[in-house]
Structures are given as structure tokens and as C-alpha cells.
Amino acid sequence: GVARAGRLMGERSYGGATTDDLQPLNSVTKSVVSMLVGQALGRGELPGLDATVGQLLPGDVARVPGSAAARVTLSEILSGHAGLQYDYLAQYDELESTRDLIRMALRLPVAAYRSAWSYNDPVIGLVSPILERAQGLGLAEIAERDLFAPLGIESYSWRRDRAGRTMSHVGLALRPRDLMTLVWTMASAGEW
């Protein structure tokens with residue numbers, strides 16, 4: 001698709017797809033989730049970016065005494081600086097098959113290079129229960145209410161983990177024109 005000033009100028013699809021087909025966004029899902037966190041912060045539904053996992057998910061953290069993730073802040077999660085060890089290649093199957101993604105994230109050890117950026121899907125996966133606890137709705141329902149409906153996005157799908165929770169690290173699928181709407185909104189400092 002081609003857009004100008006936030007308006008779709010034209011679009012074409014390839015490989016047997018149509019312009020109405022939902023396309024998996026994979027890790028772009030994280031950016032959409034970040035938009036939802038920003039909205040929740042703006043409305044005062046979250047205490048702030050310096051809030052720790054221990055403050056945001058106290059019941060879950062209590063189930064995993066000594067969790068290094070308990071001290072990780074929301075800012076560190078969103079910026080990829082949680083400082084917890086996760087090996088995407090070695091642990092991907094575990095990530096896909098676990099029935100308790102929260103527990104998996106809370107059991108991750110401290111990384112050797114705590115200040116380095118790292119790709120850590122289980123830690124990003126904590127954002128879904130954090131928003132769910134703060135707002136009393138699942139992540140997909142929050143997105144539909146606060147982001148998709150206001151922007152006119154009517155068609156989407158969002159994978160759930162084995163516990164039935166909408167995933168915050170991956171799993172969102174949108175039509176390309178709807179992704180363009182989100183990207184334009186981000187590029188325009190949240191204005192549409």
C-alpha cells in the first residue's frame with residue numbers, strides 16, 4: 001500500500017493474497033502493545049514506567065519467590081533492557097508450548113550483560129497480564145475498545161497462548177491498510 005498524509009492512495013497484493021486478507025504482524029505486535037501501554041499510562045491506569053513487575057503482578061510474583069523479573073520495570077520491558085536471559089533459538093519451543101507464560105518469564109535468570117538490549121519474548125509476554133490486571137479486560141478487548149474501533153479497524157485476529165490469554169509478544173494479524181493506519185498514527189505522535 002501507498003499512503004500520503006495518512007490517506008491510502010493505492011494498494012496491491014501479491015502471491016494470491018487479497019487486500020482484505022489478514023497478514024501476521026509477528027513482532028510488530030509489540031509496537032501495537034506499546035501503544036496500548038501508552039494509552040493506559042495516559043489515563044492513569046498504570047502507575048508509571050518505573051513500576052516493577054512485582055508491583056504490577058504481585059500475585060504472580062508471589063508464586064515465584066526470588067524472581068529476578070520482579071525487579072524489572074515496565075520501561076525496561078518495553079525498551080528491551082529487562083536484563084534477563086532468554087535464548088530465542090533454544091527456548092522457542094518452550095515459549096510456544098508453555099501453559100504458563102507468566103511463570104516462564106518470572107523464572108528467567110539474570111543475563112550476563114544486564115544493560116545490553118536483548119530480544120526477550122517471555123518478558124514482553126508479561127505486558128498482556130499487566131494490562132489485563134490494570135483494566136479488567138483481555139488485551140484484544142482493550143485494543144478493540146481503545147485503538148481499533150476509534151481508528152476504524154474492524155477486522156483483525158490475535159493469537160492466544162495455551163492459557164487463553166492474548167499474546168503481547170506476537171500474534172496480531174491485520175489488513176495491510178489497517179497496519180498503515182497504526183503506523184501513521186505512531187508517526188503523527190498519536191494523532192489520526
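**Note on the predicted model**

1. Tyr-119 has a relative accessible area of 32%, so Tyr-119 is partly exposed. (Buried means under 20% relative accessible area, exposed over 50%, and partly exposed in between, with a 1.4 Å probe and protein chains only.) Residues are numbered from 1 along each chain as its sequence is written, and side-chain values use heavy atoms, without hydrogens and water. This is a predicted model: local features need pLDDT of at least 70, side-chain atom pairs count only at pLDDT 80 or more, and totals for chains, interfaces and linings use all residues.

2. How many aromatic pairs does the structure hold? There are five. (Rings of Phe, Tyr and Trp, the last by its six-membered ring, pair if their centres lie within 6.5 Å; planes under 30 degrees apart count as stacked, over 60 as edge-to-face and the rest as tilted.) The ring centres of Tyr-88 and Tyr-119 are 6.3 Å apart and their planes are at 85°, so this pair is edge-to-face. The pair links distant parts of the chain. (Helices, H or I with at least four residues, and strands, E with at least two, are DSSP runs numbered from the N terminus.) Tyr-88 has 37% relative accessibility, so Tyr-88 is partly exposed.

3. A second pair is tilted, because the rings of Phe-148 and Tyr-156 have centres 4.8 Å apart and planes at 55°. Phe-148 is buried, at 0% relative accessibility. Tyr-156 is partly exposed, at 22%.

4. Back to Tyr-88 and Tyr-119: they form one aromatic cluster with Tyr-92 and Trp-117. Ser-115 lies in the loop between H6 and H7. Its relative accessibility is 65%, so Ser-115 counts as exposed. Ser-115 and Val-32 are 83 residues apart in sequence and 24 Å apart in space, C-alpha to C-alpha.

5. Tyr-156 lies in strand E4 (residues 156–158). Tyr-156 and Leu-22 are 134 residues apart in sequence, yet 6.6 Å apart in space, C-alpha to C-alpha. Neighbours within four places in sequence aside, Tyr-156 is in contact with Leu-22, Ala-140, Glu-144, Phe-148, Leu-172, Ala-173 and Leu-174. (Contact means heavy atoms within 4.5 Å.)

6. Helix H10 (residues 176–187) has 12 residues; at 1.5 Å a residue they should span 16 Å, and the end C-alpha atoms are 16 Å apart, which agrees. (The expected span is 1.5 Å times one less than the number of residues.) Which residues of H10 are buried? They are Arg-177, Asp-178, Met-180, Thr-181, Leu-182 and Thr-185. Their cover includes strand E1 (2–4), strand E2 (7–10), H1, helix H9 (139–151) and strand E5 (172–174). Just after H10, Ala-189 takes a positive phi of about 55°.

7. The largest pocket has a volume of about 190 Å³. Of its 19 lining residues, the closest to the centre are Lys-30, Ile-77, Leu-78, Gly-80 and Ile-124. Helix H1 (28–42), helix H4 (74–79) and helix H7 (121–124) each give two or more residues to the lining. (A pocket, on a 1 Å grid over the protein atoms alone, is an open set of points where a 1.4 Å probe fits, with protein on both sides within 12 Å along at least five of seven lines; lining residues have an atom within 4 Å of a point. Its volume is the space filled by probe spheres set on the points.)

Key: The expected span of a helix is 1.5 Å times one less than its number of residues.
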